[in-house]
Amino acid sequence: MRIAVAVALTLVACGGGGTPPVATVVATRELGPLAFVPSIRGRDGGYSVGWAGRSVWVFGDTVLSAAATDGETWRSSTFCTTTDLDATDNLAPLDEPLDAAGAPGEFLPFSADEQAFNDAHFSNKIRATCTDDCGARWALWPGPIIPDPAGGGAALVFYAKISARPGAYNFDVVGTSVATWASPDARPVRPALRPDGAEPTLLFDRDEPNLAAAALIVGGEVYAYACSGGFSSPCLLARAPWAHATERAAWTFLGGDAQWTTDPRAAKAVFDGATMMTVAWNDALGAYLAIYSAPASSDLLYRTAPAPEGPWSDAQRLFTAMRPTDPDAWVYAGLAHAELARDGGLTQVVSYFRETGFLAGEIRLVEVTLSKR
């Protein structure tokens, strides 16, 4: 799980257009934490999408309270769905595929080589005998989900491939990509998108923008944001036709002259956001709405813009989340859930991850009421 040490941070409205958002916050209401099956001690992330009549959620590192049937107590990625699209009393039931021990399996499949490495270095089965690079692992962290805009039934799942080592925040993003997902009842596939590359399943390698922070569909095109980590997270923007989004050559990047280019080195930041965030069109506001967690803080922020490219407003505080039990930690993974919004988008449902103990935590829901400025 993504744990770090908090430091003081002054809220600065960086990277915006020097204007306030077109929305103001009228009220917030706590809806409580998502209720997962007893086998789950904690999981983070929580991107979701409305798909096939359900709210479909994906999560990153998932810690189990007891061993699954394969003997493991850690999953790199998991998912669940629900037909409950009314979050006014939280969401229930959450349906997730479980094994005979009542534990979820891996959502994004590892390659044979990745699984072999994890088996040799991270698995519960070898920890007593491991002698080299013990505790190291490959992780696959899922991000935004984009269903076929033509209603074909399939979806794309953005994800990051991570090289993780023991210790807090000790991980490296190897690259990002998209998996193909036929339906919420199937398991996604990680196709070889660059068969001749060192990492065949990755669409973007470590030297390219990591397009897994936020994504949305506009017409028939996928727009995706790559936001670097740290106290300042400048976000680059790229796009590709949905039908060709698994092809590296189809992606272009927004440059500083507002021109689209195939050269990612020419891309310029459109605003400062976060490595996990959401951007979606809001009918009631007549604008795009970005929501994310502020770094080193318990605040969630929002911005608005007339287009995915911007110009984006300055950031404003959406609400202050419940603090983690550890005073040196902060909340993260502030995400909105468009399929649960009401009143044309004036009522938003937002989630965030909050630590509650060692390798334990909860994903809490908050209802936010907006008005148009």
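**Working through the model**

Modeller: Ala 333 has a relative accessible area of 3% and is therefore buried; buried means under 20% relative accessible area, exposed over 50% and partly exposed in between, with a 1.4 Å probe and protein chains only. This is a predicted model, in which local features need pLDDT of at least 70 and side-chain atom pairs count only at pLDDT 80 or more, while totals for chains, interfaces and linings use all residues. Residues are numbered from 1 along each chain as its sequence is written, and side-chain values use heavy atoms, with hydrogens and water left out.

Biologist: What is phi of Ala 333, and where is its place?

Modeller: Phi of Ala 333 is near 60 degrees, a positive value in a residue other than glycine. Its place is in strand S20; helices (H or I, at least four residues) and strands (E, at least two) are DSSP runs, numbered from the N terminus.

Biologist: Which sheet has S20 in its order?

Modeller: S20 belongs to an open sheet of four strands, ordered S1-S22-S21-S20 with antiparallel pairing; two strands pair if DSSP finds at least two bridges between them. Strand S1 (23-33) and strand S20 (332-336) are the edge strands, and each pairs on one side only. From one strand to the next, the twist averages 25 degrees; axes are lines fitted to C-alpha atoms, for helices over the stretch in contact, and angles run from 0 to 180 degrees between N-to-C directions.

Biologist: How many bridges join S1 to S22?

Modeller: Nine bridges join S1 to strand S22 (residues 360-372), and the two run antiparallel. Thr 28 has Val 368 in S22 as its bridge partner.

Biologist: Changing topic: where does Ala 296 lie, and is Ala 296 buried or exposed?

Modeller: Ala 296 lies in the loop between strand S17 (287-293) and S18. It counts as buried because its relative accessibility is 8%. Ala 296 also has a positive phi of about 55 degrees although it is not a glycine.

Biologist: Which residues does a cis peptide bond join?

Modeller: Pro 93 sits in the loop between strand S5 (78-82) and H1. A cis peptide bond also joins Gly 310 and Pro 311, where omega is about 5 degrees. Pro 311 is in the loop between strand S18 (299-305) and strand S19 (316-320).

Biologist: On to the other open sheet. What is the order of the strands that include S7?

Modeller: The order is S6-S7-S8-S9, four strands in an open sheet with antiparallel pairing. S6 and strand S9 (204-205) stand at the edges with a single partner strand each, so one side of each is left without a neighbour in the sheet. Helix H1 (residues 112-121) packs on the sheet, touching S6 and S7, and its direction makes about 135 degrees with that of S6; contact means heavy atoms within 4.5 Å.

Biologist: How many residues of S7 are buried?

Modeller: Ten of the ten residues of strand S7 (residues 155-164) are buried. Ala 155, Val 157, Tyr 159, Lys 161 and Ser 163 point one way, and Leu 156, Phe 158, Ala 160, Ile 162 and Ala 164 the other way.

Biologist: And how many bridges pair S7 with S6 and with S8?

Modeller: Strand S6 (residues 137-147) and S7 pair over nine bridges, and Trp 138 has Ser 163 in S7 as its bridge partner. S7 and S8 pair over ten bridges, in the antiparallel sense; Phe 158 has Val 178 in S8 as its bridge partner. Their hairpin has six residues between the strands, and Gly 167 there takes a positive phi near 115 degrees.

Biologist: What does Ser 177 touch?

Modeller: Ser 177, in strand S8 (residues 171-181), touches Val 157, Phe 158, Tyr 159, Leu 193, Thr 201, Leu 202 and Leu 203, not counting residues up to four places away in sequence. A polar atom of the Ser 177 side chain lies 3.1 Å from the backbone nitrogen of Leu 203. At 2% relative accessibility, Ser 177 counts as buried.

Biologist: Finally, how many helices and strands are there in the protein?

Modeller: There are one helix and 22 strands. Of the 373 residues, 54% count as buried.

Note on methods: A polar contact is a pair of N or O atoms within 3.5 Å; within protein, one must be able to donate a hydrogen and the other to accept it, and residues adjacent in sequence count only if both atoms are side-chain atoms.
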